[in-house]
Amino acid sequence: MKTDLDIVSPPIPEEILQRVEAKGINRRDFIKFCTATTAALALPVSFIPTVAQAVEDKRPPVIWVEYQSCSGDSEAFLRANQPTAGELILDLLSIEYAEVLMAAAGHQAEEAKHQAMEKYKGQYILIVEGSIPTGAGGGYCTIGGHSAVDDCKKLVQNAAATICVGSCSSFGGIPAAAPNPTSAVSVGSLVPGAAIVNLPGCPVNADNLTATIVHFLTFGKLPAVDRLGRPKFAYGKRIHDNCERRGHFDAGQYAEAFGDEAQRQGHCLYKLGCKGPETFHNCPTIRYNEGTSWPVMAGHGCIGCSEPGFWDTMSPFYRRLPKVPGFGIEDTADKIGIGLAAATAVAFGIHGVASCFRKGDSMAEDKTVKED
Amino acid sequence: MNEIRYVWQWPVRICHWLNVLSMIMLALTGFFIGRPFMTAPDTSMYIMGWMRMLHFSFAYLFTVSVVARIIWMFIGNEHSSWKAFFPWLTKEGRVAFVQMLRYYTFTGKKLPCSVGHNPVAATAYFGIFVLFVFQIVSGFAIYGQFAPGGFWDGILGGLNVLVGNQWLRLLHHGVMWLLVGFFINHIYSGWLMDVKERNGTMSGIFSGYRFIKSKDL
Ligand code: HEM
Ligand code: HEM
Ligand code: SF4
Ligand code: SF4
């Protein structure tokens with residue numbers, strides 16, 4: 001009888017593995033990488049050789065730029081382990097420009113970026129980290145004398161595809177949080193209509209970035225996206241619906257305070273403000289840092305970092321609902337609501353008492369017959 | 001002489017009481033969802049699960065009832081018509097509205113005669129129907145999140161992007177309190193008019209009949 005267990009992936013052709021080895025990459029690591037990435041993309045195992053082929057023989061030029069960012073996404077990517085960052089970056093991709101990685105600096109670096117853009121026009125993958133400030137005529141962020149606005153527009157328009165990594169380039173992120181002093185915007189709103197995919201997260205999950213690049217190499221196009229331009233393979237499900245604490249949510253078992261017994265027992269973090277019910281991301285399934293853990297697993301609620309405007313709409317981070325605009329930070333919707341209901345009851349109570357004592361009203365032509 | 005009139009046709013009454021039932025259940029379960037005040041002693045329980053199940057079941061019932069009432073606004077009698085919710089569209093309506101408002105604020109003594117809704121209440125009911133529709137729309141928009149690409153997400157999911165899903169939740173939650181406020185107001189006014197108009201305001205919503213003074217007609 002054939003069971004699911006019998007499904008084995010078709011082997012990756014030997015000559016691909018040999019070529020990979022010739023580049024100094026461990027074949028085991030390479031097979032692991034192709035398998036994990038195929039799984040992350042939710043592709044069937046039969047795609048592993050296709051993925052391997054694409055990854056092996058295309059060495060796409062990549063330009064990685066940063067605007068208003070904290071380099072957190074670069075850091076997350078450099079700490080990716082499959083394959084170890086150095087291998088992936090130096091062997092599988094051809095990084096033409098990346099501020100965090102390159103040795104060149106100053107004019108030399110700018111020159112390299114310009115040359116790469118000209119040389120690989122329409123072919124390179126552009127990775128953008130950080131939001132773009134449009135205030136002060138673009139003056140809040142300039143690189144080599146050019147504003148981020150001009151630089152970004154030019155790079156996006158000449159790229160084969162643009163990948164926005166992190167919440168800032170995808171949605172504006174923290175720089176765009178109220179009151180948004182620099183009028184920061186996302187790449188998507190700066191260059192509408194371009195071939196852009198958003199990989200929000202704070203920081204981006206390196207595995208999702210790798211999978212997106214591999215998808216592009218394998219199929220020659222960006223993955224299918226949701227309404228917010230996020231790939232469905234990574235942002236197609238709610239945290240809450242894949243969370244390991246969900247059983248406790250449905251049962252009705254909640255941690256009430258950090259460090260209480262319920263929290264240590266692994267109960268649901270809903271009452272501590274977990275935003276899993278409103279956030280779409282694959283954190284519970286692929287996790288962070290080599291699949292080691294993710295926030296809810298570690299005992300902290302999700303803060304909804306991969307949703308637009310998360311800094312404004314997901315805060316206060318330890319409350320479920322946003323602060324009611326116009327009211328103090330301590331007023332929850334319920335406090336205001338109870339106040340409203342109580343005020344209504346009191347007002348009508350008084351009205352009722354007064355109405356009982358009023359005389360001479362009612363229908364002018366009213367005549368009631370008193371029974372003896 | 002009083003004339004007994006059949007004012008509230010059965011669909012109006014049925015929808016009214018279905019709305020009352022489902023709204024009470026939705027508010028209770030919704031409040032629990034927003035603020036689970038009971039903690040389950042062990043994992044084999046399913047308290048939040050049941051609360052959500054009830055919330056969604058009554059949500060469907062409520063939706064059917066509200067939609068049915070809205071359809072009836074176009075086929076029912078003049079008192080259930082959509083026009084009855086806008087008393088200030090006609091001259092007499094405006095006069096009665098002001099009279100009623102003055103009565104409520106103790107600045108006038110004469111009660112206008114109303115066969116159907118009293119004009120101030122009718123205006124409030126319009127607001128209530130708007131809130132009903134809002135609860136249904138926002139409710140199904142956040143409900144759809146469990147199945148991206150599904151039916152509800154397909155027709156209402158765009159709102160989660162347009163308004164922001166956290167704001168929708170906050171509004172959905174806040175509107176519950178507005179409805180609670182209406183509930184208190186509504187029962188009080190019903191009682192007041194029942195006492196003052198002596199025309200069967202209260203029993204009318206059960207039986208359909210109200211007493212109309214023939215002189216008023
Ligand atoms: C009179 C009508 C209703 C009232 C008073 C009401 C009240 C509430 C309240 C107070 C909450 C908690 C919100 C929060 O704190 O996050 C809630 C949640 C919710 N309601 Fe309603 N609701 C009503 C109608 C509906 C309808 C028609 C639907 C349609 C499906 C709906 C779907 C939901 C959903 C999906 C949630 C979130 C549940 C969750 O996060 O697990 N509601 N409701
Ligand atoms: C959640 C609770 C309730 C809601 C949302 C509600 C809503 C409404 C609405 C919309 C109408 C207009 C009828 C129509 O044209 O469809 C109405 C009429 C009426 N309701 Fe309610 N109702 C509620 C509870 C109650 C209760 C508990 C009572 C009595 C104990 C009551 C008594 C009446 C009466 C007497 C009328 C007719 C009054 C008039 O139109 O002048 N209602 N209600
Ligand atoms: S911890 Fe958060 S994501 Fe997990 S079940 Fe509870 S509310 Fe949902
Ligand atoms: S768990 Fe929530 S806050 Fe944390 S990375 Fe995932 S989406 Fe962002």
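## What counts as a cavity

On a 1 Å grid over the protein atoms alone, a cavity is a set of points where a 1.4 Å probe fits but cannot get out, and its lining residues have an atom within 4 Å of a point. Grid points are joined across faces, edges and corners, and a volume is the space filled by probe spheres set on the points.

This is a predicted model, in which local features need pLDDT of at least 70 and side-chain atom pairs count only at pLDDT 80 or more, while totals for chains, interfaces and linings use all residues. Residues are numbered from 1 along each chain as its sequence is written, chains are lettered from A in the order in which they are written, and side-chain values use heavy atoms, with hydrogens and water left out.

## The cavities

Let's start inside the protein, where the rule gives 4 cavities of 30 Å³ or more. The largest cavity has a volume of about 90 Å³. Its lining includes the cysteines Cys243(A), Cys268(A) and Cys274(A), along with His240(A), Arg245(A), Arg246(A) and Phe249(A). By class, this lining has 8 nonpolar, 2 polar and 2 charged residues (nonpolar: Ala, Val, Leu, Ile, Met, Phe, Trp, Tyr, Cys and Pro; charged: Asp, Glu, Lys and Arg; polar: the others, Gly among them).

The second largest cavity, about 70 Å³ in volume, is lined by 11 residues, with Trp64(A), Ser74(A), Leu78(A), Ala98(A) and Leu101(A) nearest its centre. Strand 1 (61-66), helix 4 (72-78) and strand 2 (94-98) of chain A each give two or more residues to this lining, and helix 4 gives the most, with 3 residues. Helices (H or I, at least four residues) and strands (E, at least two) are DSSP runs, numbered from the N terminus.

## Where the chains meet

Now for the interface: 55 residues from chain A and 56 residues from chain B are in contact (heavy atoms within 4.5 Å). Together the two chains bury about 4700 Å², 58% of it on carbon and sulfur atoms; buried area is the accessible area (1.4 Å probe) lost on putting the two parts together, summed over both.

The interface holds 3 salt bridges (a side-chain nitrogen of Lys or Arg within 4 Å of a carboxyl oxygen of Asp or Glu). One of them joins Asp334(A) to Arg35(B), at 2.7 Å from N to O. On the chain A side, helix 12 (246-251) and helix 17 (333-357) each supply at least two residues, and helix 17 makes the largest share, 14 residues. That side divides into 22 nonpolar, 14 polar and 19 charged residues.

Technical notes
On a 1 Å grid over the protein atoms alone, a cavity is a set of points where a 1.4 Å probe fits but cannot get out, and a pocket is an open set with protein on both sides within 12 Å along at least five of seven lines; lining residues have an atom within 4 Å of a point.
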